[in-house]
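Please look over the sequence and the model below.

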Amino acid sequence: MAKIVFFVPPGLHMLDMSGPTQAFLAARQLGAAYDISHCSLREEIADSAGLHIGRLQHYGEVSLGMGDYLFLPGFSSRLLQQQQADASWEGVYEWIRGQHAAGPLSARSVSALSFWLRRGCSTA
C-alpha cells in the first residue's frame with residue numbers, strides 16, 4: 001500500500017492540502033490502496049488564515065520508501081523567509097533528504113520544487 005504523506009507547514013494554504021487529500025480519499029473509496037497521513041513540525045499549527053490544525057504526527061516519526069509520496073502544500077512565502085532563520089526547519093530538511101536517500105520518493109506540490117531545491121534535495 002502506497003503511503004501518501006502531507007507535510008503540513010505552519011502558514012499552509014489550506015486549498016493546497018485539502019484538494020489533493022480529497023482526491024486520494026475519493027480514489028481510496030473506489031478501491032485504491034492508499035495510506036493517507038499528515039505530519040508537521042509540531043502537534044498543532046495555524047494555517048495562513050489562522051485556522052488551527054491539531055493532532056498532527058511529528059515528521060520524525062514518519063518513514064517513507066519506494067513508491068510513497070510526500071506532498072508539500074503551498075504556504076506563505078513570507079512565513080518561509082521567517083522560518084528559514086528557525087533552527088527547527090533544519091531538522092525538516094534533514095528528514096526529507098534522509099527519506100529520499102532511503103528510497104527515492106516523489107514530492108509533489110506547486111511549492112515543492114522551490115522548497116526542495118533550496119535545501120539540496122531532488123524531486124525524483
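In this predicted model, T21 has a relative accessible area of 11%, under the 20% limit for buried residues, and therefore counts as buried. T21 is part of helix 1, which runs over residues 14–29. Its side chain reaches back to the backbone oxygen of M17, at 2.8 Å. Beyond the neighbours within four places in sequence, T21 is in contact with F6 and H38.

Helix 3 spans residues 88–102. The buried residues in helix 3 are W89, V92, Y93, W95, I96, Q99 and H100. These lie on the same side of helix 3, because they cover an arc of only 160° around the axis. A101 and A102, on the other side of helix 3, are exposed.

Which residues have the most contacts inside the largest nonpolar core? They are F7, C39, Y59, L70, W89, V92 and W95, in a core of 15 residues. Strand 1 (2–7) and helix 3 each supply at least two residues of this core, and helix 3 gives the largest share, 5 residues.

Leaving out residues up to four places away, C39 touches V5, F6, F7, V8, Q57, H58, Y59, V62 and W95. Apart from this core lies another, of 11 residues, including I4, L12, F24 and F71.

Terms used: Residues numbered from 1 in each chain as written. Predicted model: local features only at pLDDT ≥ 70, side-chain atom pairs only at ≥ 80, totals over all residues. Heavy atoms only, no water. Helix = DSSP H or I, 4+ residues; strand = E, 2+ residues; numbered from the N terminus. Buried < 20%, exposed > 50% of the residue type's maximum accessible area, 1.4 Å probe, protein only. Polar contact = N/O pair within 3.5 Å; in protein donor to acceptor, adjacent residues only side chain to side chain. Contact = heavy atoms within 4.5 Å. Expected span 1.5 Å × (residues − 1). Arc of directions from axis to C-beta. Core = buried A, V, L, I, M, F, W, Y, C linked by side-chain atoms within 4.5 Å.
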